[in-house]
Amino acid sequence: MATPLAYQEHLPAAPGWLNKGDNAWQLTAATLVGLQSMPGLVILYASIVKKKWAVNSAFMALYAFAAVLICWVLVCYRMAFGEELLPFWGKGAPALGQKFLTKRAVVNETIHHFHNGTVESPPEEPFYPMASLVYFQFTFAAITLILLAGSVLGRMNIKAWMAFVPLWLIFSYTVGAFSLWGGGFLYQWGVIDYSGGYVIHLSSGIAGLTAAYWVGPRLKSDRERFPPNNVLLMLAGAGLLWMGWSGFNGGAPYAANIASSIAVLNTNICAATSLLVWTTLDVIFFGKPSVIGAVQGMMTGLVCITPGAGLVQSWAAILMGILSGSIPWVTMMILHKKSTLLQKVDDTLGVFHTHAVAGLLGGLLTGLLAEPALCRLLLPVTNSRGAFYGGGGGMQFFKQLVAAMFVIGWNLVSTTIILLVIKLFIPLRMPDEQLEIGDDAVHGEEAYALWGDGEKYDPTRHGSLQSGNTFVSPYVNGARGVTINL
């Protein structure tokens with residue numbers, strides 16, 4: 001039987017190694033992850049903060065998305081996924097030339113060896129061009145910086161943020177990515193980080209808390225009262241984040257395969273479970289369900305499942321959802337208020353709890369619950385399994401713990417050094433005069449142009465009729481003006 005025309009090799013646009021289905025899914029997954037940031041987190045950040053910080057918060061996310069892409073293709077992709085320079089860092093080089101981007105995708109350093117030096121698993125070689133892989137991995141790098149920004153909203157100097165983004169990408173993100181994904185020492189040791197529980201969420205949570213410490217707190221009035229300016233729009237951003245996570249975890253196997261399907265299902269199961277548990281705890285302890293709390297619970301569920309989404313069974317995803325909806329709730333709602341350190345550090349959106357705590361929890365639970373048959377579908381190390389499945393699984397949990405300590409330590413140190421260097425040239429925190437005003441002082445723009453917002457009623461500008469020396473409104477029975485306080 002003749003091969004269908006759509007699957008016949010047609011050089012050079014469709015070489016023999018190209019799988020159109022895998023390529024289509026990878027580009028779709030990359031776009032879904034990109035939508036989580038732009039516009040997902042742009043909308044969420046602009047809506048969840050006080051009205052006077054809506055523009056600034058959205059701009060921090062928008063700028064990071066663009067800046068990361070340029071840095072990524074200029075040098076950072078190959079620092080994270082290129083040839084080894086150090087056991088935790090790749091050799092930086094551009095990913096721009098057509099010869100590099102049109103060849104078959106390969107992560108050379110992901111070849112894995114037995115202790116005797118023989119090859120245990122070959123390097124990862126997806127069935128699509130390097131361009132698809134470069135773009136897919138960019139979206140992960142971008143969302144990491146944008147998540148980190150959540151810790152310093154409402155007071156970080158925008159110029160300091162603009163300097164911080166490329167420096168942190170180069171000296172922090174690429175190290176974690178190479179160490180765990182690109183063939184570095186943690187990858188070779190067999191640490192499991194399916195789709196970024198450590199590389200993205202633990203690192204952004206720890207770096208965010210560290211940045212919040214060095215930048216300093218918001219104004220006292222903002223810390224005491226920081227209501228969202230648009231809850232419904234916040235939910236729209238959260239929805240983009242949730243749905244985009246199917247690309248986040250579904251694209252991690254680098255193919256449209258069985259593991260991808262398992263990962264997408266587990267991702268949604270864990271997120272839903274976590275949201276329900278968080279909401280239940282809000283009702284039990286505070287008497288009413290909180291929409292913001294539900295979004296936080298959704299987030300912790302998505303983060304927690306990420307390190308093992310394609311490697312655990314779906315009943316384990318429910319268990320992980322129960323724990324991710326309760327443990328971060330306890331750390332945020334109870335321990336945070338009792339901790340002197342956490343009270344001192346102004347983590348605006350609680351990124352430490354929703355990402356660092358949930359990411360660490362997910363990584364450790366993966367070390368317990370990773371199912372051997374699912375591990376064989378993806379992992380380079382033979383007989384990988386969680387501790388609950390015996391056969392050396394206890395060592396896997398230890399590896400997960402050690403890797404977490406490395407990620408925490410590296411982000412604490414690198415973020416501190418980067419910010420202290422920037423501080424020599426640019427103040428990290430806005431002056432109090434700008435903090436009092438917000439967006440208008442920083443950008444010369446405001447999020448909402450609503451009549452009556454800070455203005456007095458001027459009858460000469462709003463269609464009143466003159467009668468003698470007085471002005472009479474033509475709308476005798478209508479409203480005389482409404483001030484909308486967001």
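Which residues is Thr267 in contact with, leaving aside its neighbours within four places in sequence? I worked on a predicted model, in which local features need pLDDT of at least 70 and side-chain atom pairs count only at pLDDT 80 or more, while totals for chains, interfaces and linings use all residues. I kept to numbering from 1 along each chain as its sequence is written, and to heavy atoms for side-chain values, with hydrogens and water left out.

Entry on Thr267. I placed this residue in helix α10 (residues 258-286), helices being DSSP runs of H or I with at least four residues, numbered from the N terminus. With contact taken as heavy atoms within 4.5 Å, I listed Trp245, Asn249, Leu302, Ile305 and Ala309 as its partners beyond those neighbours. I noted Thr267 as buried at a relative accessible area of 0% (buried is under 20%, exposed over 50%, partly exposed in between, with a 1.4 Å probe and protein chains only).

Entry on rings. I paired rings of Phe, Tyr and Trp (its six-membered ring) if their centres lie within 6.5 Å, calling planes under 30 degrees apart stacked, over 60 edge-to-face and the rest tilted; the count came to 22 aromatic pairs. Phe59 and Tyr63 are stacked, because their centres are 6.4 Å apart and their planes at 25 degrees. These two residues are four apart in helix α2 (residues 54-81), so about one helical turn separates them. I found Phe59 partly exposed at 30%, whereas Tyr63 is buried at 19%.
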